[in-house]
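This report describes a predicted model of a protein chain.

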Amino acid sequence: MLQTTCECKRSVAAVNTQELLQRYTDTSPAVRVAMLGRTPQLAAVAAAAAPDGGLERQVLGATRARLHDLEDKVRAAACR
């Protein structure tokens with residue numbers, strides 16, 4: 001039963017993380033900037049949730065993609 005509970009928590013964490021990753025491409029620049037401000041925390045949680053590093057790479061990749069954003073303030077936030 002404990003194994004099933006852990007698998008369920010990982011599944012929920014993966015779904016929530018995927019929803020958060022979608023916010024990096026939100027239509028609102030303010031939301032994209034806010035997500036970039038939370039990247040360190042999200043990357044830390046992703047690293048803990050998936051020790052293989054796959055989820056953390058997705059978070060960092062989404063951040064890296066914002067370096068080419070059309071909005072200046074989003075690009076500036078991605079550089080921080």
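## Contacts and helix packing

Setting aside residues up to four places away in sequence, Arg75 touches Arg66, Leu67, His68, Asp69 and Leu70. Arg75 itself belongs to helix H5, which covers residues 72-79. With a relative accessible area of 27%, Arg75 is partly exposed, because partly exposed residues fall between the limits of 20% for buried and 50% for exposed. Between the C-alpha atoms of Arg75 and Thr63 the separation is 9.7 Å, and these two residues are 12 apart along the chain.

One of the residues touched by Arg75 is Arg66. Arg66 sits in the loop between helix H4 (54-65) and H5. Is Arg66 buried or exposed? Arg66 has 13% relative accessibility and therefore counts as buried, the cut-off being under 20%. Apart from neighbours within four places in sequence, Arg66 is in contact with Tyr24, Thr25, Arg32, Leu36, Val74, Arg75 and Ala78. Of these, Arg32 and Leu36 also take part in the contact of H2 with H5 on the H2 side, and Val74 and Ala78 on the H5 side.

The chain contains five helices and zero strands, and its elements run α-α-α-α-α from the N terminus on. The packing of two helices is described by the angle between their axes and the distance between the axes.

| Helix pair | Angle between axes | Distance between axes |
|---|---|---|
| H2 (residues 29-37) and H5 | about 5 degrees | 9 Å |
| H2 and H3 (residues 39-49) | roughly 55 degrees | within 5 Å |
| H3 and H4 | roughly 160 degrees | within 7 Å |

H2 and H5 pack at an angle of about 5 degrees, so H2 is roughly parallel to H5. On the H2 side the contact involves Pro29, Arg32, Val33 and Leu36, which meet Lys73, Val74, Ala77 and Ala78 of H5. By class, this contact of H2 with H5 has six nonpolar, two charged and no polar residues.

H2 and H3 cross at roughly 55 degrees, and H2 is therefore oblique to H3. Here Met35, Leu36 and Gly37 of H2 meet Thr39, Pro40, Gln41 and Leu42 of H3. The residues in the contact of H2 with H3 divide into four nonpolar, three polar and no charged. Leu36 is listed in the contact of H2 with H3 and also in that of H2 with H5.

For H3 and H4, the crossing angle is roughly 160 degrees, which means that H3 is roughly antiparallel to H4. H3 contributes Thr39, Leu42, Ala43, Ala46, Ala47 and Ala49 to the contact, and H4 contributes Leu55, Glu56, Val59, Leu60 and Thr63. The contact of H3 with H4 comprises eight nonpolar, two polar and one charged residues.

At the level of the whole chain, 28% of the 80 residues count as buried. The chain exposes about 5,500 Å², and carbon and sulfur atoms supply 59% of that area. Among contacts between residues at least 6 apart in sequence, 45% join residues at least 24 apart.

The mean pLDDT of the chain is 85, with 81% of its residues reaching 70 or more. Residues 1-6 have a pLDDT below 50, and this stretch has zero contacts in the model beyond near neighbours in sequence. Where pLDDT is low, predicted coordinates should not be read in detail.

Definitions and conventions. Residues are numbered from 1 along each chain as its sequence is written. This is a predicted model: local features need pLDDT of at least 70, side-chain atom pairs count only at pLDDT 80 or more; totals for chains, interfaces and linings use all residues. Side-chain values use heavy atoms; hydrogens and water are left out. Helices (H or I, at least four residues) and strands (E, at least two) are DSSP runs, numbered from the N terminus. Buried means under 20% relative accessible area, exposed over 50%, partly exposed in between (1.4 Å probe, protein chains only). Contact means heavy atoms within 4.5 Å. pLDDT is the predictor's confidence in each residue, from 0 to 100. Axes are lines fitted to C-alpha atoms, for helices over the stretch in contact, and angles run from 0 to 180 degrees between N-to-C directions. Angles under 35 degrees count as roughly parallel, over 145 as roughly antiparallel, 65 to 115 as roughly perpendicular and the rest as oblique. Ala, Val, Leu, Ile, Met, Phe, Trp, Tyr, Cys and Pro count as nonpolar, Asp, Glu, Lys and Arg as charged, and the others, Gly among them, as polar. Accessible areas come from the Shrake-Rupley method with a 1.4 Å probe; for residues, only the protein chains shown count as cover.
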